[in-house]
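Biologist: I am new to this structure and would like to learn how to read its features. Could you take me through them slowly, with the general idea before each case?

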Amino acid sequence: MVKLLDAHISQNISYSDGISIPLTTTPELFGTLGLSTVGAGPNIRVQFTATVAISSLASVAVPVVISIYRGVGPSRVLVYSATDTAPAVGVLQVASRKIITVTGADYRPPNPGTSLAYQAFISIPNGVALAPTRTGPESFNVAVYSD
């Protein structure tokens, strides 16, 4: 029988237009969560969801990458990456908005016996003059299950 070991939510901003952070080519952290794996069985599964809202004043299509890592620092491991296209509707000086939501899993990660950490990043891989802006809401949800 599957049991929920732990779950956490990182709510960076809860409402629209609560922040104004331009996207860059450098991945920007928008959520870090630690999960307890105490009492886990041999098969651990981690499920996550991330949501980021972006706005743009340009009608230029810009690839936006959301990356989820297991661990923190230089030894972290990429477990999920998704590319979406930022607002490509509207005309110059008319704001367009897009909410990007990704859902994924880390199946059978190594169990350190105590905890696992996950981080969510957002970036634009190719720098553009009219980069989209993170405007909110932003959230990152992670849950760990075991048998």
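Modeller: Let us begin with strand pairing, where two strands count as paired if DSSP finds at least two bridges between them. Here strand E2 (residues 21-22) runs antiparallel to E9 and is joined to it by 2 bridges, with Ile 21 standing opposite Arg 134 in E9. Please keep in mind that this is a predicted model, in which local features need pLDDT of at least 70 and side-chain atom pairs count only at pLDDT 80 or more, while totals for chains, interfaces and linings use all residues. Residues are numbered from 1 along each chain as its sequence is written, and side-chain values use heavy atoms, with hydrogens and water left out.

Biologist: How many helices and strands does the protein chain have?

Modeller: Helices (H or I, at least four residues) and strands (E, at least two) are DSSP runs numbered from the N terminus. By that reading, the protein chain has 0 helices and 9 strands.

Biologist: Is strand E9 largely enclosed or open, and why?

Modeller: A residue is called buried under 20% relative accessible area, exposed over 50%, and partly exposed in between, using a 1.4 Å probe and protein chains only. In strand E9 (residues 133-146), 12 of the 14 residues are buried, so this strand is largely enclosed by the rest of the structure. For the protein chain, 44% of its 147 residues count as buried.

Biologist: Which residues form salt bridges, and what do these pairs tie together?

Modeller: Side chains of opposite charge can pair when their charged atoms come close. The criterion is a side-chain nitrogen of Lys or Arg within 4 Å of a carboxyl oxygen of Asp or Glu, and the structure holds 4 such salt bridges. One of them joins Arg 70 to Asp 106, with the closest N and O atoms 2.7 Å apart. Arg 70 lies in strand E5 (residues 63-70) and Asp 106 in strand E7 (residues 96-107), so the pair ties together parts that are 36 residues apart in sequence.

Biologist: What links Arg 134 and Glu 138?

Modeller: Arg 134 forms a salt bridge with Glu 138, the closest N and O atoms being 2.6 Å apart, and both residues are buried. Together with Glu 28, they are linked in a network of salt bridges.
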